[in-house]
Every structure is written in structure tokens, then in C-alpha cells.
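This briefing goes through a single structure by topic, and it is meant to be read with the sequence and the 3D view side by side.

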Amino acid sequence: MFSKLLIANRGEIACRVIRTARRLGIRTVAVYSEADRDALHVELADEAYPIGPAPARDSYLKGVAILDVAERSGAEAIHPGYGFLSENAQFAQACARAGVVFVGPPPHAIRAMGSKGDAKAMMAEAGVPLIPGYHGFDQHPEVLRQAARTIGFPILIKPFAGGGGKGMRVVEAPEAFPDQLAAARREAMSAFGDDRVLLEKYLARPRHVEVQVFADRHGACVALFERDCSIQRRHQKVVEEAPAPGLDAATRRRMGEVAVAAARKIDYRGAGTVEFLLDPSGAFYFIEMNTRLQVEHAVTEMVTGQDLVEWQLRVAAGEPLPLGQDDLALHGHAIEVRLYAEDPANDFLPQAGRLGHLGFPATDCHVRVDTGVRSGDTVSIHYDPMIAKLIVWDHDRAAAVRRLRAALAETRVVGLATNRDFLAAIANHPGYLAGDLDTRFIERHHGDLRPQQGLAADRVLVLASLAVLLDRAARARAEAALSADPWSPWARGDGWRLNDEAHDLLTFRDGAVERQIRLTYRRGSYLLNLLDGAPGGEVVARGELLEDGSLEADLGGVRLTAVVIRAGAELTVFHQGGSHRLVLQEPLAAATQDLPGGRLTAPMPGRIIAILVEPGTKVDKGQPLLVMEAMKMEHTLKAPAPGTVVSFHHGVGDQVEDGVELVEFAVDGEAPLLGAIGESH
Ligand code: MV4
């Protein structure tokens, strides 16, 4: 076995390979781009080397730089992970030339499967079933038209040079064929510089079922059963599971045998995946073979109990396969979902940004989280925006689906948009639980899977309000404990007012809608009344807010939990599997919107605690003028525009009621403005 392994990748797969290597006593070498200097995989590895600037083409795709690190570090083998150089035959060749073991198939096998058209021809020779069609070199329109008639409509026109679904065209009937063919060729020429096409029988509702194969260099080759990856969006897998729901044992066995035959045909070595389309009749057809470990290999690991990276390392080191076909068995059911930084409300546009808060479910034999990021990390625009994979396992599919729903409910991301709610909508969809999967699932259930970010439910608003109030009370107590005058009325966090019942108003922005909660302080609780809530929506709320944002609430005697994550004025409430983002409107901050031209007055009671400039001073816009304390927070009053402070109406220590004029301010070139307000900080 190797003593030192270089992982030529990043993110969750790099972390995952490092963990297996460490378990096997293999020292690990990581490589990182400038953007990944503080990344988790760099921290986990025994040593880490910089390989270039952030763009992948200047770092993780630079084979020369990676081989240079292998040489300098003394790594005997390189694991390419997936993506990047994992299916690059030239890189595999360069490793061999450099005397470094490439953990993957031999270069010729990568090349053989590289061209989809050539691969199909080789598979046909190996007796692997192909979709009935025409893959010939003679592209004469008359030949193609005749072939189409022989296949029988509907047919699919696919670019010879293409893959991944680009440029496919369905032709329902013969009369449409000539025009569709001409259009397909024009499109193929502009997309691939090659206008050759192949024709296939169109499968209306296929499932994407792929078989994991493993071959060693001693002639052994096994199938580790199948994965159903039908739920895809624009040819990007979203949900994967093993075994394929409803697949009978006979078909399973045949698919395994066919996949092994395909691997043997190209003298395969290492981990590989043979992809098929399975149609409702139970017939299955080869579409392509992937010559790398796949993102979704984890579900196979969960149902076979094998560590496929360990298998890869042992096979690459020349050892025989750890198990034979008869030693392998399926146990239970596993499902994986890919958590992406993308915005379903914005056509799933990839998101980049800082993960202000990242929370995952607790892991055990039922729940696994493969991730390469932590709270505070940044999701970069340079790489795949996958944040993590959630993988669940249980004894049967229904139980696994329930685990998936729970795991998603406990997955919390604040700071950028993710597809979490979209994944939860799939996991909770009756069609998914029923197992009626096919590659058009998302298209078919589009309406049910759309983001439902309507207004926050009243209860969510109550929970957010309770969290804000408990947080303020905790801060007030903490400040009082630190201040010289712990019994000062300012030290209270309960909205106490002289000769008036203690009450306040909380305002949140919920999307574009402003929502207000009138609150009355009570001993140990708050009476909350949503001003736009259902009538009679008053509720006595109490609870406990913990450091990690978890909230134990009692709303009128109903006890429930939530997690409220605060980032500045932004709150995200996670409750019962959903999440909702609200923005707390700080009254003083709101008033700063009334800049020149509006009445400038302090919108709430407070105390002047500092005057920062002399009257008559010329100031720039935004220059701090005065500090006021209100609602247990300090608020700095800033110049609303370039101008001159004419005078202050109050001194330090003065109490001021809401609405009082604070400062006379002359905007350059305008009449003096009365009062001015601060913004919270
Ligand atoms: C097909 C097909 C239906 N009939 N071929 C999409 C990309 C490539 N993997 C093959 N693909 C398909 N080929 C015939 N004759 C439907 C698809 C297809 C698909 C296949 C697998 C997973 C997701 C898919 C999404 C759309 C279309």
C-alpha cells in the first residue's frame, strides 16, 4: 500500500479521500488554489502545497503543477477525485511517465469511453444492449430518413459529438423528420463543429440507472449493484439512491452482468460506472460509461458497507478486489441529495458568498454528511457550488425517505441561497415517496416544487419576535452586569416606562412587506399581537434562546422549538422543516431613510450619551454627530448630507422622547434641517 497519497482535488471529495487514506495509515498531500488557502481539505491533510491562483484552469486543472507537488512531496500516488483531471487521459499518461500511480483506470480505457459514439460501437461488440437506432458514418439524408423509418417514430436525433443531452431533438412523425434533421445538423455544427448525428428510438419516460463496477489488475471484475439517478435538473443529478426502487432481482443481475461485460471489453481497472436508460417495460440500454468515482458513490457504500475509496487505493496499489461478486449483498436503502449554493427562485443561478451559518443534522449510521466547507467559509464562483451531500440509510426506502426529510429539516444555511427547500419539496412529494421516478420527474411536478416563499406564517413571525426580545433581554442583563450602575433603569430589558404599561413595536421586513408586532412586556413573558395577523392573534410568548440560535418557545401554552439565526438585522427562522428570512427594522435605522427633505427626529425614546462635533462645524455626509442610547443599543446619529451643524437642542445625559428635535443642521445650499436621527450599529 502507498505511504503517501496526493489528492488532486478540493471540497468534499478531497476531504472524503483524505479521511479514508488516514484510516489506512497513508500520509496525505493536499493541493490548493489561492481561494482555498483556508479550506477544510488543506487543514485535514498532513501537508498542503499551493498550486496557483483561484481559476481552476490555473490550479486544479494544471497537471504540471500537480505532478511537481507529487515529486517534491514524494507522493507515490495521485487520487484525482471527480471532475477536474479525473477523466483526462493525458494526465493519467503523464502520471505514468512520472512514475506516479494514477488512482483510476488506464489511459486507454479513459480514451475508449471518452467519445460517446465510439463507446457505443465498442459496447455493441460486447453484446451490451444499445437503444435501437442508427450510429452509421453515412449521413446522407436519404439514408437517415430510411433509418428513421426502420427504427419507428418517435425518434431522438442526437449530435454524434455531443453528450449530456445537449442538442437532442425528438421527432414525433415522419413528415417532421427532414426539417428537424436539418436543424439538428446546423445546431450540432455550431455547438461541436461536427454535424454528424445519430438516431435512436425515443424513450418517453426513461429512468437513469447506473451500475457501479470495480475491476482489479488480476482479472477480477464485480458489480456493486445499481443507483437510480433519474431525478435530474438540466442533466445535473439532484437525488440519487440505491437500490433502484422497484427493480426486480433478475433485471438487477442482468444489468450487473452487462456492466461487467462492458468493463471487461475495455480492459477496465479501478472504479467505473456504466450508465443505462431503463424503460417502463424493464428493458435497459447503455448510454455511457464514466471512468471515475462518482459524486453519488456514497449511496453504494451505504447499502454494501464498502468504502469505495479504500477499494480504489488497494486496486491502484496492485492488490486484488477486497470482495468477490458472491460476497457482495444489498442491505437496506440509501438516498443522497446534493445541497447546492443556487437560488431556485432565480432559475437556480449558482450563488457565491460567505456561509454565515451552516448547520447539519447529527451523523450516525443513518445519516452521513460529506462536505468540504464550514460556517464562515466562502463559496467561490470559481468552482462547483456544491455545499454538501446529505446521505441517509435505513432498512427500507420508506424509512430512508423519512430520514431524508428529517435530515433536510435539520440542515440550515444562512448567508446565501441554497436548493435546500427545493430538495425538501422533492423529499416530501407523494410522487417521490411512491417511487414513480423518471428523468422528467422535476418537469412533471414543476408546480409543486416551486419555491413557496410567501409571507411568513404568523407563528414564524411570533418566533422571530420572541427571539429578538429574548436576545435583547440577555444583552441588557449582560451589560447591566458589566456596568457600574447595574440597577439603572436603562439596564432593564423589559421596556419599562414611567407611568405607562411597558410596550413596544417590532417591525420586520418580510420580502417586500413590512410586518409589525405590538408587544407588551410581562413578568417573564411577552404579549405579542401581530398587527396584520389573524384577528385575536394575541399570544403570550415566553421561551429560552440558546447560544446556537435554538429556541425553546411556549406560545400560549403550546411548546415548540425553532432555530433562529441572526446575521445583523437579518434573521432566518428554521421551523418544522421550512426556513424563512426576515429583516428586523431598527426604528432609528429606518429613520435614516428620511434623509434630506424628511422630518428629522428621533423616532423613539432614548438618552443622549455623546456629542461628537462642536456647533458650527462643517461636516461631510455620514459624519457621526451624536450618539444616542435606545432599546439597549447605541445609535450613532450621522450627518444626512454635507453641511453645517448649527446647534444641538440637548446635552449629554438628556432623556429625549420619540419625535423630539435633536439637532439643527444646514445642508450645503439648503435651509437648515431640524433634528436628525441615527442609525443603529
Ligand atoms: C435519451 C432519452 C430518451 N430516449 N435517449 C440525456 C443525456 C444523456 N445522458 C442521455 N439522455 C437521454 N437520452 C433516448 N433514446 C432521454 C435522455 C434524458 C436523460 C437521460 C438520463 C438522465 C436524465 C435525462 C434527462 C433528459 C433526457
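Predicted model: local features only at pLDDT ≥ 70, side-chain atom pairs only at ≥ 80, totals over all residues.

**Strand pairing, ligand site and backbone features**

Phe214 has Ala271, a residue of β13, as its bridge partner.

*The open sheet*

- Strand β10, which covers residues 207-215, is joined to strand β13, residues 270-278, by 9 bridges, and the two strands run antiparallel.
- Both strands take part in an open sheet of 8 strands with antiparallel pairing, in which the order reads β14-β13-β10-β11-β12-β15-β22-β20.
- At the edges of the sheet stand β14 (284-290) and β20 (367-371), and because each has a single partner strand, one side of each is left without a neighbour in the sheet.
- From one strand to the next, the twist averages 25°.

*The ligand and its shell*

- The ligand is surrounded by 17 residues, of which the closest are Gly165, Glu200, Lys201, Leu203 and Gln232.
- By residue class, the shell around the ligand consists of 8 nonpolar, 6 polar and 3 charged residues.
- Strands β7 (155-159) and β9 (197-201) each contribute at least two residues to this shell.
- Residues of the shell come from both domain 2 (132-201) and domain 3 (207-449), and the ligand therefore lies between these two domains.
- In the side chain of Glu200, an N or O atom is 3.0 Å from a nitrogen atom of the ligand, while for Lys201 a polar backbone atom is 2.8 Å from a nitrogen atom of the ligand.

*Backbone features in loops*

- The peptide bond that leads from Phe153 to Pro154 is cis, with omega near -5°, and Pro154 is placed in the loop between α7 (141-151) and β7.
- Another cis peptide bond joins Ala242 and Pro243, where omega is about -5°; Pro243 is found in the loop between β12 (236-242) and α9 (249-265).
- Arg234, although it is not a glycine, has a positive phi of about 50°, and this residue is located in the loop between β11 (221-233) and β12.

Notes. Residues numbered from 1 in each chain as written. Heavy atoms only, no water. Near = heavy atom within 4 Å. Polar contact = N/O pair within 3.5 Å; in protein donor to acceptor, adjacent residues only side chain to side chain. Helix = DSSP H or I, 4+ residues; strand = E, 2+ residues; numbered from the N terminus. Nonpolar A, V, L, I, M, F, W, Y, C, P; charged D, E, K, R; others polar. Domains from an automatic or database assignment. Pairing = 2+ DSSP bridges. Axes fitted to C-alpha atoms, helices over the stretch in contact; angles between N-to-C directions.
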